[in-house]
Amino acid sequence: MSRLKEGRYALLQQYLMNVSANEIKLTFSEIESILKESLPASAYKYKAWWGNTTRSQKHAVTWLHAGYKIKEVDFGNYVIFIKAERAESQVSFKVDDSNRANEVDHTEAGYIEKISNKLMESQSFLNNAEVDAFSNIDVMEQFELLKGLRRILGNIDNDMSFLGCLLIKQFLQSRHDFTELNMALKAQGSPGLDVDEMTADGQRVIGELKTTYPYKENDLGAQQKNTFLNDFDKLQRTEADHKYFFLTERQTFDIVRAKYTAYLQGVTVVLLPQALSDNRFIVAVKEAE
């Protein structure tokens with residue numbers, strides 16, 4: 001077997017190469033004692049860190065070159081290594097309810113934590129992937145690398161929409177008095193209005209959000225136009241004291257102002273985050289005479 005001659009995990013590889021058991025169970029504390037340093041935070045949270053392939057995690061050479069694969073991980077508790085020839089194709093993971101990296105609670109802080117974990121896992125994945133050599137690896141490896149990144153990122157559009165909703169919250173709280181606003185209660189992508197809230201004095205505030213970048217230079221694409229028109233229709237058909245159409249792209253904001261205000265009578269068009277500090281990006285479309 002080849003040997004890892006240097007690097008932070010060399011002592012763990014040496015330990016594994018000096019034992020002969022078919023299966024070895026080490027606690028996280030024991031691993032850190034062998035290494036004489038702490039494992040990174042990623043090792044306590046992310047399945048990707050314990051992958052049995054050096055394509056996604058270069059440090060996997062630690063156990064692979066010692067003739068072992070990961071059989072089971074109980075985050076923060078123990079890791080089971082098994083001789084490579086006896087290993088199953090899938091690693092078993094156990095996550096304590098109090099330490100679930102991808103658990104989403106119905107609070108804004110919980111959603112932000114989920115996005116933070118996703119970014120940390122993506123960073124760890126890319127740091128250990130052959131990104132610099134992407135053009136030189138074969139297409140199968142390229143496909144697996146992008147597939148792994150997509151698995152981590154998931155639906156990034158929903159994350160963008162949620163952060164857009166937090167910008168909406170800041171904007172609305174500067175203009176209306178709410179008892180409470182929790183933008184995490186409505187699941188991103190679910191049907192219904194993006195914003196449907198009551199002010200402290202009983203006024204209904206509704207809104208739709210689009211984080212879309214236009215398909216064309218001076219107009220929306222056909223599919224984009226259909227989704228925008230559906231949102232315009234929802235705003236027009238719904239009775240409310242205040243109606244908003246929120247956008248996060250300057251080019252889309254300009255297109256809506258130039259081409260679609262006929263569909264937005266009685267609606268205020270807002271570009272975020274610019275509108276938080278500049279009233280030029282708040283356009284109230286008047287009702288038809």
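**Loops and sheet of a predicted model**

Q: Where in the chain does Lys36 lie?
A: In this predicted model, helix α2 covers residues 28–35 and helix α3 covers residues 61–64. Lys36 lies in the loop between α2 and α3.

Q: What is the phi of Lys36, and is the residue buried or exposed?
A: Most residues other than glycine have a negative phi. Lys36 is not a glycine, yet its phi is positive, at about 65°. Exposed means over 50% relative accessible area, and with a value of 69% Lys36 is therefore exposed.

Q: Which strands stand at the edges of the open sheet of five strands?
A: The strand order is β5-β6-β7-β8-β9, with mixed pairing. The two edge strands each have a single partner strand, so one side of each is left without a neighbour in the sheet. These strands are β5 (195–198) and β9 (282–284).

Q: Which residue in β6 stands opposite Asp196?
A: Strand β5 pairs with β6 (residues 204–210) in the antiparallel sense, over four bridges. The residue of β6 that stands opposite Asp196 is Ile206.

Q: Which helix packs on the sheet, touching β5, β6, β7, β8 and β9?
A: The helix in question spans residues 156–175, and its direction makes about 140° with that of β7 (242–247). This helix is α6.

Q: Which residues does the cis peptide bond join?
A: Most peptide bonds are trans. The cis bond has an omega of about 5°, and its proline is found in the loop between β8 and β9. The residues joined are Leu272 and Pro273.

Methods: Residues numbered from 1 in each chain as written. Predicted model: local features only at pLDDT ≥ 70, side-chain atom pairs only at ≥ 80, totals over all residues. Heavy atoms only, no water. Pairing = 2+ DSSP bridges. Contact = heavy atoms within 4.5 Å. Axes fitted to C-alpha atoms, helices over the stretch in contact; angles between N-to-C directions. Buried < 20%, exposed > 50% of the residue type's maximum accessible area, 1.4 Å probe, protein only.
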